[in-house]
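Please look over the model shown here.

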Amino acid sequence: MTAALRRHGWSYLFVLPTFSLFVVFTLLPVAQGLILSLQDARVTGGSFIGLANFVTLAEDPVVRQAVGNTVLYATAVVAAQVTLALVVASLIQPLGTKSRVFYRALFYLPLVNSAILVAMVWRWIFNPNPFGLANAALGTIGLGPFLWIGSSDQALLAVILSAVLTIPGGGVVLYSAAMGSLPRELYEAADLEGASPFAKWRHITVPLLRPTTLYLVVVYTILAFQVFERVYIMTNGGGPNNATITIVQLIYSTAFQFGRYGLASAMAVVLFMMAMVVAVVQFRSLRSDVEY
Amino acid sequence: MNSDPSLSRRRFLQSLAAVGVVVACGPTAAPTPSASTSGSPAAAKPVSIEWWRRNYTPGSQTAETLTSDGAVKGWKARTPNVTISIQGGPFGPETDQKFDIAILQQKAGPDVFHTTGGDVLKYAAAGQLSEPPLTDAERRDFNPSALQATTYKGKVVAYPLWIVPWFEYINLDLFKEAGVTPPKDGNWTYDEFLAAAKKLTFKRANGKQVYGFAHANDEFAFMLIDGGRLYDKDVKTWTFNSADAVSGLEKWVALAQAKVMPPDFLTLNPNDSQARFLSGDIAILQRPSAMINVLNADKNWEFGKNWDIANFPKGRGDQTAWGGVGFIAVREQQDVDKKAAAHQFAKYLTGPDIGPDLKSQTPPVEYWLAPAGRTSAAGIYGDYHPAKAKVAKMGAFTYVLPNVSTWSEIDQKYMRPARDAALEGKKTPKQALDEVTPAAQRLLDEANK
């Protein structure tokens, strides 16, 4: 131990700056959030109230609605985005190198756009008036107009659609890179056996991409649980009859509009627990010891 | 793919820490005991005070900036020994939090500041507001409902600045096109209003749809017109499920059922609603007085020819408009010179002298962005425009929301969803308002603790 410390101890110096920033700006705030969640904290301070904030959350129908909306949004969006990323990456994989690079860039580039700007565009697309882009487009084939974000029945669907219809550039790039490293001999063997392109995709590509799929599912789920700006911009932070309210939206309003920092921190803890539990389940169900 | 939302739990805590650091390092004025016992800023002793003003950006041409600079200039001419520095900040939670941290946690910050709604009560409850030394004549001069809205435990804790009434902007061109006579002297009953809105909802030959009426999604004024009020007179009991409130909501629901409002009326934000009125899509728009300046700035909109204003339609109750109140508050502190200077300046900001002072500046500055909260200062607002002259008279029947510190939670979490459910036809007005009552009463009780 001492020898190891003597040998490698100096290397901790290199880690120290980053670790210090992590402690100050991530670890301590998270710890403080946990403490706040057990307090009746307002801007003037707070006192310890045990688990009372969590009881309040459990009894609040708006919180239940926010949790339900968040789970529904995450389920639909993650499933659609991972599938879409896989399909798009598979479609561009057989192309030549230049074309593949071009399409990867094409799909990734929109990610540099401001999320607020993107949400504003989607708000316009799903405008309930006949001049909203979605209604205008559907009107050409005799459908609609639909109320979209103007209706409590359709608002969450519109928000989900806005996420689903955005090609997940990051996922496409990751899948595409992973596909490039798959062993060619497996495909050659399958060719010899007379496997169809779909059969090769289904039985070779998809299983071998499982580690990438696991990573994307976990990351996309966490991001979906944190959905905020899309809801805030598209539906004025909750939509008609709270139809699109999500956990982070509720954390925001509870903390910064209602001044209940303790309660908001308790919601953040609940969100953290949800993300952790889901991630563990996803790891257990999707992990594999793929070797090639 | 979803990008990282702007506020995760981690970001929330980080921003809390960051704001704390910023405020801690900021140029706040910590209370410093003064040897002087003088309560008058008239003494030649130099005094510096800090004025915190939302929406103030040095060098910009925003109305808040121009009026604030003009006010400081006007006061400097009257009291040369007092130096005022202004700190700005946008409307929004980040500025609210800056105020909260400075005033409530650090017991420092502004000597005098603009504030609204529940913040007044919050700061008063924390003992951070210095009670205005008002004479009886001055008390009588203020609008009673505005004064009530700034009263905490029987004491007036800030100076009402202005009352911002909501009323109807009408597009006279569309009225003419639809053959609808504008309300005489701006007065109409609900039935007349509904009939007009129906006639004003039409589709032109070119396919353009015009809607009779619109409001932004922050409204609930219709629930007041039959006499319904949120609380009893002591602000102890939630009464917004009374028969009068239900009847008011039914009138509002009738507008939705008649389809005289655009399909996005539940999510139409204030800016969009104004834009739709300006583009000629909406015949009657319910907005507050600030929109007068927007229309005046547009050469296509000539008052009396293209647009006019009308009162809120009258239901079974007394004539009603609804509105908010802006306040000027003085922070409690030990430095009596600063405190006295701050009170004198606050009186000036809310009093009858500032309007003429700013009007006489070169170029003239229009100080009153909304009708003044006191009678002696009310006249000059109407001097600037005939529409404003009409609005100035509305203060008398404007229902100013009593100040309740938990109001934003009641409104956003419970009232608006209930209102939406009724307007969408998912719940009856009575059912919707009844369902709100327990949560609203609980939050009202909490505010009254």
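The report below goes from chain A to the interface and then to chain B.

## Chain A overall

This is a predicted model. The secondary structure of chain A consists of 15 helices and 0 strands. Its C-alpha atoms fill a box of roughly 80 × 70 × 30 Å, taken along the principal axes.

Chain A has 292 residues, and 39% of them count as buried. Take the contacts in chain A between residues at least 6 apart in sequence. Of these, 70% join residues at least 24 apart.

## The helix α15(A)

α15(A) has 26 residues. At 1.5 Å a residue, the helix should span 38 Å. The end C-alpha atoms of α15(A) are 37 Å apart, so the model agrees with that expectation.

Where are the buried residues of α15(A)? They include Tyr261(A), Gly262(A), Leu263(A), Ala264(A), Ser265(A) and Ala266(A). Met267(A), Ala268(A), Val269(A), Val270(A) and Leu271(A) are also buried.

## Packing of α4(A) on α12(A)

Two packed helices are described by the angle between their axes and the distance between the axes. For α4(A) and α12(A), the angle is about 145° and the axes are 9 Å apart. Their crossing is right-handed.

On the α4(A) side, the contact is made by Thr70(A), Tyr73(A), Ala74(A), Val77(A), Val78(A), Gln81(A), Val82(A) and Ala85(A). α12(A) brings Thr213(A), Leu216(A), Val217(A), Tyr220(A), Thr221(A), Ala224(A) and Phe225(A). By class, this contact has 11 nonpolar, 4 polar and no charged residues.

## The interface between chains A and B

How many residues of each chain are in contact across the interface? The count is 49 residues of chain A and 37 residues of chain B. On the chain A side, the elements that give two or more residues are α2 (11-36), α4 (61-92), α9 (169-180), α12 (210-225), α14 (247-257) and α15 (261-286).

α14(A) gives the most to this side, with 7 residues. The side of chain A that touches chain B divides into 26 nonpolar, 22 polar and 1 charged residues.

## Backbone points to check

Most residues other than glycine have a negative phi, and most peptide bonds are trans. The peptide bond from Gly144(A) to Pro145(A) is cis, with omega near 0°. Pro145(A) lies in the loop between α7 (133-139) and α8 (155-164) of chain A. Chain B has a cis peptide bond between Thr362(B) and Pro363(B), where omega is about -10°. Pro363(B) sits in the loop between α13 (354-359) and α14 (379-383) of chain B.

Asn236(A) is not a glycine, yet it has a positive phi of about 55°. Asn241(A) is likewise a residue other than glycine, and its phi is near 55°. Asn236(A) is in the loop between α13 (229-234) and α14 of chain A. The loop between α13 and α14 of chain A also holds Asn241(A).

Are these two residues buried or exposed? Asn236(A) counts as buried because it has 20 C-beta neighbours inside 10 Å, and 20 or more is the cut-off. Asn241(A) is buried too, with 25 other C-beta atoms within 10 Å.

## Domains of chain B

Chain B is divided into domain 1 (32-164 + 324-400) and domain 2 (167-322 + 402-448). The C-alpha centres of these two domains lie 30 Å apart. Their contact takes 20 residues from domain 1 and 22 residues from domain 2.

On the domain 1 side, α4 (117-125), α6 (144-149), α15 (386-392) and β12 (398-400) of chain B each supply at least two residues. By class, the domain 1 side that touches domain 2 has 12 nonpolar, 5 polar and 3 charged residues.

## Tyr123(B)

Tyr123(B) is in helix α4 of chain B. It is buried, because 24 other C-beta atoms lie within 10 Å. Which residues does Tyr123(B) touch, not counting those up to four places away in sequence? They are Ile103(B), Gln128(B), Leu129(B) and Ala329(B).

Tyr123(B) and Ala329(B) are 206 residues apart in sequence. In space, they are 9.5 Å apart, C-alpha to C-alpha.

Note on methods:
Residues are numbered from 1 along each chain as its sequence is written. Chains are lettered from A and ligands numbered from 1 in the order in which they are written. This is a predicted model: local features need pLDDT of at least 70, side-chain atom pairs count only at pLDDT 80 or more; totals for chains, interfaces and linings use all residues. Two residues are in contact if their C-beta atoms, placed from the backbone, lie within 7 Å. Helices (H or I, at least four residues) and strands (E, at least two) are DSSP runs, numbered from the N terminus. Ala, Val, Leu, Ile, Met, Phe, Trp, Tyr, Cys and Pro count as nonpolar, Asp, Glu, Lys and Arg as charged, and the others, Gly among them, as polar. Axes are lines fitted to C-alpha atoms, for helices over the stretch in contact, and angles run from 0 to 180 degrees between N-to-C directions. A crossing is left-handed if the near helix is turned anticlockwise from the far one by less than a right angle, and right-handed if clockwise. A residue is buried if 20 or more other C-beta atoms lie within 10 Å of its own, exposed if 12 or fewer, and partly exposed in between; C-beta atoms are placed from the backbone. Domain bounds come from an automatic or database domain assignment. The expected span of a helix is 1.5 Å times one less than its number of residues.
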